[in-house]
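Q: Could you take a close look at one part of this structure for me? I'd like to know how the aromatic rings pair up, with the cut-offs spelled out.

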Amino acid sequence: MTATTSTIAGPQRKPYDHEIDVYGITHPGKVRSENQDHFLICALKKQLEIRLTSLPEFHSVRAEPERLAFLMMVADGVGGGVKGEAASRTAVEAVTQYVEHSMRCYYASGAADDREFYEALQEGALLTHVELLRRGEQDPQYRGMATTLTLYLGVWPRAYLLQLGDSRCYRLEGGVLTQVTRDQTMAQELIDVGAMTRENAADSRLAHTLSSSIGGRQTAPVVSRLDAKWGNVVLLCSDGLTKHVSDERIRERLSSMTSARQVCEDLLEEALEGGGTDNITLIVARALARER
């Protein structure tokens, strides 16, 4: 079924796993020989694990474990070659492990207070930042390594975004595309204070000079919250996509998508046709009510 441009009403419950249409893809582009981007899509679940029992059968443990949260992230390495790839890979691995083992995230899922999520995500980013700096001090080969990180943690009906750098999160709701995250670049800083117009910034090298990153000179993790809704489409991407595909074109593609995989492959192809001057990474996800 083709999705319409309006928000799709769904049942009054969180989606089952088979109702989450999600796909991710990455490509080195047409210019660079290496790919310094990394992405991850995973579900965080709680599970009953039987270690020992006298019961001959225990059918309940065969049920699918309940999903506590849904995690997606995109990281775009900075520093060139081995440094950029290592930085993005380390960030994705370290933050994932932190979220996985942070029981605060699990137990806060039923709380009305968002503070636990905000603190856990910020702490995970800051600890990873320190780890990249430490690694650079120990090994000159990795000195100067840094990465962007855009993370989406869905705890239905809420979602939390962690942002560092200029990878982006978009949301399509009711046919309207919104850039949910703010680019952490020097150009955006100047735009915010009125010292540069958005049109001039697009052609400036400052548009790709990060004002905050993991492992860089400055790090300022920003955590925000948004509502998760049936039918809404979420896109995470590195700037390899947005350099060559306009927001309007992204909106058109997401509005007419038939599946997450199809639209990821189409957007990637469009970015490559537009020049493919950078690594290209994107994740698309939506929740659609379906029969089992």
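To start with, is Tyr160 buried or exposed, and at what relative accessibility?

A: Tyr160 is buried, at 0% relative accessibility. Here buried means under 20% relative accessible area, exposed means over 50%, and partly exposed is in between, using a 1.4 Å probe and protein chains only.

Bear in mind that this is a predicted model, where local features need pLDDT of at least 70, side-chain atom pairs count only at pLDDT 80 or more, and totals for chains, interfaces and linings use all residues. Numbering runs from 1 along each chain as its sequence is written, and side-chain values use heavy atoms, with hydrogens and water left out.

Now the rings: there are three aromatic pairs in the structure. Tyr160 pairs with Tyr118 edge-to-face, at 6.0 Å centre to centre and 80° between the planes. (Rings of Phe, Tyr and Trp, the last by its six-membered ring, pair if their centres lie within 6.5 Å; planes under 30 degrees apart are stacked, over 60 edge-to-face, the rest tilted.) That pair joins distant parts of the chain, since Tyr118 sits in helix 3 and Tyr160 in strand 6 (residues 158-164), 42 residues apart. Helices (H or I, at least four residues) and strands (E, at least two) are DSSP runs, numbered from the N terminus.

Trp156 is partly exposed at 27%, while Trp230 is buried at 6%.

Back at Tyr160, ring pairs tie it into a cluster with Phe117 and Tyr118. Phe117 is among the buried residues of helix 3, along with others including Ala120, Leu121 and Gly124. Helix 3 itself (residues 115-138) has 24 residues and spans 35 Å from first C-alpha to last, close to the 34 Å expected at 1.5 Å a residue. That expected span is 1.5 Å times one less than the number of residues.

One more ring contact: Arg135 lies over the face of Tyr142, 4.2 Å from the ring centre. For that call, NZ of Lys or CZ of Arg must be within 6 Å of the ring centre and within 35 degrees of the ring normal.
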